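Hi everyone, thanks for making time. I'd like to walk you through a model, one piece at a time. Have a look at it first, and then we'll start.

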Amino acid sequence: MALVFLLLGGIAYIGWQILTQPNSPLPRGWNPLVPLHVHDDVTPFTKMKLVRAERSLDSCLAALDGAASIVAMAPLEAAGGCGIEDRVTLSSVGESRIDPLQTSCAIALRTAMWERHGLQPAAEEIFGTSISVLRQIGSYNCRPIRTPNGTSSRLSTHATGEAIDITGFDLSDGTRMRLISDWNGDAQKAAFLRAARESACTWFATTLSPEYNSLHADHFHLQSRGWGACR
């Protein structure tokens with residue numbers, strides 16, 4: 001029995017050395033001790049690393065280094081519980097431009113993961129080209145939740161910069177896709193928009209699409225908070 005414990009201890013020691021060596025042969029994405037970077041391969045450890053990266057502005061910015069055009073800003077504090085704690089200005093993710101907006105670093109990071117590991121592969125598969133622009137209609141907005149029956153008494157995740165609304169995409173060949181006109185339009189564009197929704201569900205904690213309700217007929221509502229709603 002002692003020999004078994006000795007053997008297991010030796011295996012554990014070797015495994016720990018492999019994980020912690022600066023020149024570890026284990027790929028970054030497969031090493032649970034290496035912090036997330038957008039460019040890393042997606043593995044079973046990626047979601048865990050994403051959650052860890054969001055815990056501080058420094059770790060979030062490190063994960064985005066070289067993968068987005070982003071400027072860190074001072075926290076925004078506003079009345080009524082509104083504001084953005086880890087505030088950044090975002091103007092591009094990966095290969096895609098986005099009209100500059102202020103948002104939380106968590107939304108910037110999740111958008112970058114979506115662009116690299118969801119949108120670009122889908123665009124290449126369906127159209128044989130790449131996404132060049134993400135079209136958005138905002139992130140931060142100090143307001144309550146809107147419902148088909150009027151406004152709620154609860155603050156929207158937009159009120160803390162923990163959501164972004166995406167209305168469509170431009171491809172590198174000039175093709176334009178907008179949810180309002182293409183969700184149920186051209187078959188190829190509709191297929192891409194549905195693939196975009198499915199991959200958003202991987203990278204955001206809440207994803208709402210035109211299939212959710214009429215308020216979302218023209219955009220994806222994407223949150224860094226939530227319980228996995230994908231509609």
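Before we get to the sheet, one definition: I call two strands paired if DSSP finds at least two bridges between them. With that in hand, please keep in mind that this is a predicted model.

Let's begin with strand β9, residues 163-171. How many of the residues of β9 are buried? Nine of the nine, so β9 is largely enclosed by the rest of the structure. The cut-off behind that word is under 20% relative accessible area.

Now, which strands does β9 pair with? Take β12, residues 220-223, to start: β9 and β12 are antiparallel and share four bridges. In that pairing, Ile166 has Phe220 of β12 as its bridge partner. Then there is β6, residues 131-136, which is antiparallel to β9 and joined to it by five bridges. Here Leu134 is bridged to Phe169 of β9. Finally, β10, residues 176-178, runs antiparallel to β9 with three bridges. Phe169 turns up again in this pairing, with Met177 in β10 as its bridge partner. β9 and β10 form a hairpin with four residues between the strands. If you look at Gly174 in that hairpin, you'll find a positive phi, near 95°.

Let's move on to a helix. In α3, residues 57-64, the buried residues are Cys60, Ala63 and Leu64. Where do they sit around the axis? They span an arc of only 95°, which means they are on the same side of α3. And what covers them? The cover includes α2 (46-53), β1 (68-72) and α4 (105-127). After α3 comes Gly66, another glycine to look at, with a positive phi near 75°.

Is Ser199 buried or exposed? Its relative accessibility is 12%, and because the limit for buried is under 20%, Ser199 counts as buried. So what does the side chain of Ser199 reach? It comes to 3.1 Å from the backbone oxygen of Ala196. Leaving aside residues up to four places away in sequence, Ser199 touches Trp114, Gly118 and Leu119.

That's my tour: a strand with its partners, a helix with its cover, and one serine. I'm happy to go back to any of these on the screen.

How values were computed: Residues numbered from 1 in each chain as written. Predicted model: local features only at pLDDT ≥ 70, side-chain atom pairs only at ≥ 80, totals over all residues. Heavy atoms only, no water. Buried < 20%, exposed > 50% of the residue type's maximum accessible area, 1.4 Å probe, protein only. Polar contact = N/O pair within 3.5 Å; in protein donor to acceptor, adjacent residues only side chain to side chain. Contact = heavy atoms within 4.5 Å. Helix = DSSP H or I, 4+ residues; strand = E, 2+ residues; numbered from the N terminus. Arc of directions from axis to C-beta.
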